[in-house]
Amino acid sequence: MTTDTGEPKLTIDELAARAGTTVRTVRFYGTKGLLPPPVIGARRVGHYGQRHLARLALIEELQHQGMTLAAIERYVEQLPPDLSDHDLAIHRAVVASWAPDTEETVTLEELRRRAGRALDEDDIERLAAMNAIRPDGDAYRVDSGLLRLAVQLLDVPLSQEAILAAREVLVAHSRAAAHELSQLFRDEVAERDAQDVKSLSAHMHPLVVQALLTTFQRSLKEELQQWLGASQVGGSS
């Protein structure tokens, strides 16, 4: 498990704006224990960071799933207290994967509000290239599940070509894994009754998604450690 090393720099107003919510809501979540307390700096001003943003994104996703505030409180209570923003993003991805695909039509002003930042023409083009949005006249068709991830990728120091190539790799391997797993499960229940098939279908999606995410996270961590280790050896020679 990783820790959040980013220095909290956002005021409560900036946090609310980035998260697309209100200061009142942020304070309310704080009183409910859904958000960790801010870091108190000079002049007793509280500062927030990426982990607070990730928590707000997770809470928003849980609300989209129809969970009540009490249910969200129980969910958050079960999370380890030292989860980083990356770990929280994985939790949100698992939760979001349970929802059906949804698209909404929004204005440019609403798109910017949801992104939590000003979006220039280059940003709009990159979001469209990542299939997070599609121009629709004077409005935009928004894939809610992809938008927050795509907005984060705007700050990644990678070219648009590299991001698109990475997306193609992920889509291709994800489809191949989904096909092979589906075939495996179909063969497993081929001789069973309808109730067994229904039970497997109900449990398969969230469990398989979480397993794939966990496995991928560990594999990527190992690859990065090997890459960084080789870079350090090469740089010291």
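Biologist: In strand 5, which residue is the bridge partner of Glu 104?

Modeller: Val 142 is the strand 5 partner of Glu 104. Bear in mind that this is a predicted model.

Biologist: How many bridges join strand 3 to strand 5, and do they run parallel or antiparallel?

Modeller: Four bridges connect strand 3 and strand 5, and the two run antiparallel.

Biologist: What about strand 4 and strand 5, how many bridges there?

Modeller: Four bridges join strand 4 to strand 5, which covers residues 139-143, and that pair is antiparallel. Within it, Tyr 140 of strand 5 sits opposite Pro 135.

Biologist: What do strand 4 and strand 5 form, and how many residues lie between them?

Modeller: They form a hairpin with two residues between the strands. Gly 137 is in the turn, with a positive phi of about 70°.

Biologist: Zooming out, in what order do the three strands sit in the sheet?

Modeller: The order is 3-5-4, in an open sheet with antiparallel pairing. Strand 3 (103-106) and strand 4 (133-136) are the edge strands, each pairing on one side only. On average, neighbouring strands of this sheet are turned by 25° against each other, direction ignored.

Biologist: Changing topic: which strands does helix 6 lie across?

Modeller: Helix 6, residues 108-115, lies across strand 3, strand 4 and strand 5.

Biologist: And at about what angle does helix 6 run to strand 3?

Modeller: Helix 6 runs at about 120° to strand 3.

Note on methods:
Residues numbered from 1 in each chain as written. Predicted model: local features only at pLDDT ≥ 70, side-chain atom pairs only at ≥ 80, totals over all residues. Heavy atoms only, no water. Pairing = 2+ DSSP bridges. Axes fitted to C-alpha atoms, helices over the stretch in contact; angles between N-to-C directions. Contact = heavy atoms within 4.5 Å.
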